[in-house]
Amino acid sequence: MVYVFGNKKFEELVESDIQLLITNQEEESIVLEFKKELTSNSKEIAKDISSMSNSEGGIILYGLDENDDGKASSITWINSSESIEERIENIIATTINPIPPFKGFPILKSNDPTKKIYLLLIPKSNNLHMVI
């Protein structure tokens with residue numbers, strides 16, 4: 001699985017862990033993707049998730065922007081009132097067959113709980129997941 005966060009468990013990640021990705025200029029890879037926001041294009045979201053599940057698995061971070069070199073550049077924060085978790089679950093359930101395993105985790109901004117980053121953990125799957 002993805003060890004970009006060292007030995008920290010996925011559920012233990014906090015804002016400072018995400019900030020380290022920027023400080024260390026962590027680069028996107030086959031197992032790590034940065035998304036400035038959750039796009040309105042459901043098929044594109046489904047393609048990202050299914051392709052990651054079909055390869056090595058990994059993490060998609062919504063609310064983290066990248067520079068032109070594909071390196072983490074800034075936290076863009078998502079409004080906590082957005083139901084990003086429910087939207088991603090619905091996209092996965094209605095556009096990917098079979099449904100891949102996944103786990104989502106919001107990280108709230110330490111000084112403003114109305115803002116969050118959303119991390120989506122997608123394990124490598126033994127099945128082939130297709131966007132329908």
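Here is a walk through the fold, starting with the ground rules.

This is a predicted model, in which local features need pLDDT of at least 70, side-chain atom pairs count only at pLDDT 80 or more, and totals for chains, interfaces and linings use all residues. Residues are numbered from 1 along each chain as its sequence is written, and side-chain values use heavy atoms, with hydrogens and water left out.

Let's begin with β8 (112–123). Helices (H or I, at least four residues) and strands (E, at least two) are DSSP runs, numbered from the N terminus, and two strands pair if DSSP finds at least two bridges between them. β7 (103–109) pairs with β8 in the antiparallel sense over seven bridges, and a hairpin of two residues connects them. β2 (57–62) also runs antiparallel to β8, joined by six bridges; there, Gly58 sits opposite Ile122. Then there's β5 (residues 78–79), antiparallel to β8 over two bridges. Look at Lys116 in β8: Leu108 is its bridge partner, and Ile78 stands opposite it too.

Now the inside. Nonpolar side chains tend to be buried together in soluble globular proteins. A nonpolar core here is a set of buried Ala, Val, Leu, Ile, Met, Phe, Trp, Tyr and Cys residues joined through side-chain atoms within 4.5 Å, where buried means under 20% relative accessible area, exposed over 50%, and partly exposed in between (1.4 Å probe, protein chains only). The largest core has 19 residues, and Phe5, Ile18, Leu21, Ile59, Leu61, Leu64 and Leu119 touch the most other members. At least two residues each come from α1 (15–23), β1 (32–35), β2, β4, β7 and β8. Apart from this lies another core of 16 residues, including Ile45, Tyr62, Ile88 and Ile92.

What about charges? There are six salt bridges, each a side-chain nitrogen of Lys or Arg within 4 Å of a carboxyl oxygen of Asp or Glu. Lys103 pairs with Glu11, closest N and O atoms 2.1 Å apart. That pair links distant parts of the chain, Lys103 in β7 and Glu11 in the segment before α1, 92 residues apart. Lys103 is partly exposed at 36% relative accessibility, and Glu11 is partly exposed at 39%. Glu33 and Lys35 meet at 3.2 Å, N to O, and a network of salt bridges links Glu33, Lys35 and Asp48. Glu33 counts as buried because its relative accessibility is 16%.

Finally, visit Asp69, in the loop between β3 (64–66) and β4 (72–75). Asp69 counts as exposed because its relative accessible area is 54%.
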